[in-house]
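I opened this entry to record what I looked up in the structure.

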Amino acid sequence: MIEQLRAEHQLRAQYAVVEALASASTLDDAAPRVLRAVAEALGWAVGALWIVDQTANQLRCVHIWHAAGIDAHVFEAETRQGHFPRGVGPGRTWELGHPTWIADVTREAQFSRRAAAEAAGLHAAFSFPMILDGDVVGIVEFFTTEVLEADDDILRMFAALGQQLGAFVGRSRAREQIERFFTMSGDLLCIAGFDGYFKRVNQAWERVLGHTAADLLSQPYLNFVHSSDRIAATSELARLRTDGAVEFEHRWRCRDGSYKWLLWNATARPEDQMVYAVARDDTVRHAAEHQLQETLRMRNDFVSFATHQLRTPLSGIKWMLELAADTDDSDEIRSYIGDARESADRLIGLVNDLLDASRLEGGKLKILLERVHLCDVTRGVLDDVASLVGEKGHTLVVDASDTLPAAMLDHQLLRQVIMNLVSNAIKYTPSGGRINIQIGQSRDQLQWSIKDSGIGISPAGQVRLFEKFYRAENGLTVDTEGTGLGLYLVRLIIDRFGGTVTCESEEGQGTLFRFTLPVILETVS
Amino acid sequence: MRKDVLLVEDDRFLRRACETKLKQHGFDVRVAADGEEALARVHERIPDLVLLDLLMPKLDGLGVLAALRAGETTRSIPVVILSNSSKELEMHEASTLGALAYWIKSNLSLQEICNRVERLLSETPA
């Protein structure tokens, strides 16, 4: 009768353990249920579960359970805090690799928690190893309030249970490893249903797009796809159901409203109506590709515009010479040849500008630094353009401070800058206009500006004014004879000297160009 | 009757050279230095042929061509593009807008231009 009862209890314990393991996914979840199930089925008072900490090479208590009415708090504290190496305390079972039984721990000299056990009224104990692939991965121990001799049936039963628990540890470790991949992956991983909703997303989503998992799961995922890519995305998803696996790329909205290119690799499992997909942030590559296309486009534009600009004076030379060859009138001949020469000068000017621009762009232009006074350079330029100013009847006023320091600059390049700005002002100001040049200093910067009473430049034009080959849209300001490189060169040169050049203009109100240069004084080398 | 050619060219050297040669060749030549001026000249009198530059201030050649094609009275004016630009996109658009030909200035002598104009005008009904 007692035998029968005992067998029944053991069966109940086994069944309770199986049930506990089936409903838990981690050892932390399973431990309290297993301990309680076994202890209650066998009528034992306290149970503890230990796991082998591979790194520390000792046992660590995962959980301790005690029956109601047992005051085991000291014992429990010692158990929780105890770290037993192999061969010590519960570590003895670890070392032996099979179940062990102690009839009365209070009489066992080697039992380290003896005093605490005595205080809690605990006597008999048994423990068994959890075994995975032949290795001990943990220990389970139980205590009862009675002194009991070893029970072989119980020990045999728990040897089998140890295998079950070990297998459980193995499964949950494998799951944790997969889980770790899922969590740690820099790629965006997700499981989505055929219903159009995400079921699971990993943390990479929040890192890359900024949306929380809750946000992503709360609405159809197509909502996050760029509106221009939705039709494509829908057809990719349809293809996924028929083909089983697809690769595609579209833009996804980030939390901050920007978009990122995601490169997808998705597999469908129609039997459970799920899509398993991996996405990679491909935005950088897209940007690089876009940049490359843009560079190629700009190069093509440059070549075709440069071709046009070179052909024009060449045509002028060719046609003027053709006309000169066809006539005997020496005045006519002289006039045609004069025009041909002017065209040739324009061609040379253009070639020189192109060369300067290319050298400045490549940082290869030789720079000759010398002590330069802005006022002197300006005066030199104004001498050269005096007749042009007179022809157009402009009033040109220079307002310069007398105390400006000399700066270390390249005289030729600075002259080029000032010449460009001054001749633009003369050219684009209708006859009888006013041109004001101001030269001054603000702290450690030289300031030079020119204001004309011309028709001005639109805001959009101002932005692009310093671009290579830009011609303002504003008809009157289009320079039909210029190279399209003047202001671009101005910017390159000023940049080269660490200064800035700006344009302020209001249509109808004239234009102000200003450049600043740092005052770099002569240094002793 | 002398044929009326409208030469639209913003570069003053090229304008002068081409105008001189066409006149020597016996054409009536009017000139325009930008796109807006070109349309104004056309509306003063419908020319027999327009020699049209592309890259110009105010209104570019393709803009002029489009405007001509949109006008009831200007729709069928024969237009030849005479440009130094050889961008495929522009060539394509000019042909789409019905330009008779696309000539590149630097590749032609003034004599060749006159011969071609002559030939074109003899083919098109007055």
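I noted for reference that pLDDT is the predictor's confidence in each residue, on a scale from 0 to 100. The model is predicted, and I therefore read the scores before any geometry. For chain B I found an average pLDDT of 92, with 98% of the residues scoring at least 70. For the complex, the predictor reports an ipTM of 0.92 and a pTM of 0.57.

I next looked up the contact between the chains. Chain A contributes 19 residues and chain B contributes 20 residues. On the side of chain A that touches chain B, the elements giving two or more residues are α10 (283–325) and α11 (330–361) of chain A. I recorded that α10(A) supplies the largest share of this side, 13 residues.

I then turned to a sheet in chain A. Five strands make up an open sheet of mixed pairing, in the order β13-β15-β16-β18-β17 (chain A). Its edges are β13 (395–400) and β17 (500–505) of chain A, each of which pairs on one side only. Direction ignored, neighbouring strands of this sheet are turned by 15° against each other on average. I found helix α12 (residues 374–392) of chain A packed on the sheet, where it touches β13, β15 (434–442) and β16 of chain A. The direction of α12 makes about 175° with that of β15(A).

Lastly, I checked one strand pair within the sheet. Strands β16 (residues 445–452) and β18 (residues 511–518) of chain A pair in the antiparallel sense over seven bridges. For Ser449(A), I listed Arg514(A) as the bridge partner in β18(A).

Technical notes
Residues are numbered from 1 along each chain as its sequence is written. Chains are lettered from A and ligands numbered from 1 in the order in which they are written. This is a predicted model: local features need pLDDT of at least 70, side-chain atom pairs count only at pLDDT 80 or more; totals for chains, interfaces and linings use all residues. Two strands pair if DSSP finds at least two bridges between them. Helices (H or I, at least four residues) and strands (E, at least two) are DSSP runs, numbered from the N terminus. Axes are lines fitted to C-alpha atoms, for helices over the stretch in contact, and angles run from 0 to 180 degrees between N-to-C directions. Two residues are in contact if their C-beta atoms, placed from the backbone, lie within 7 Å.
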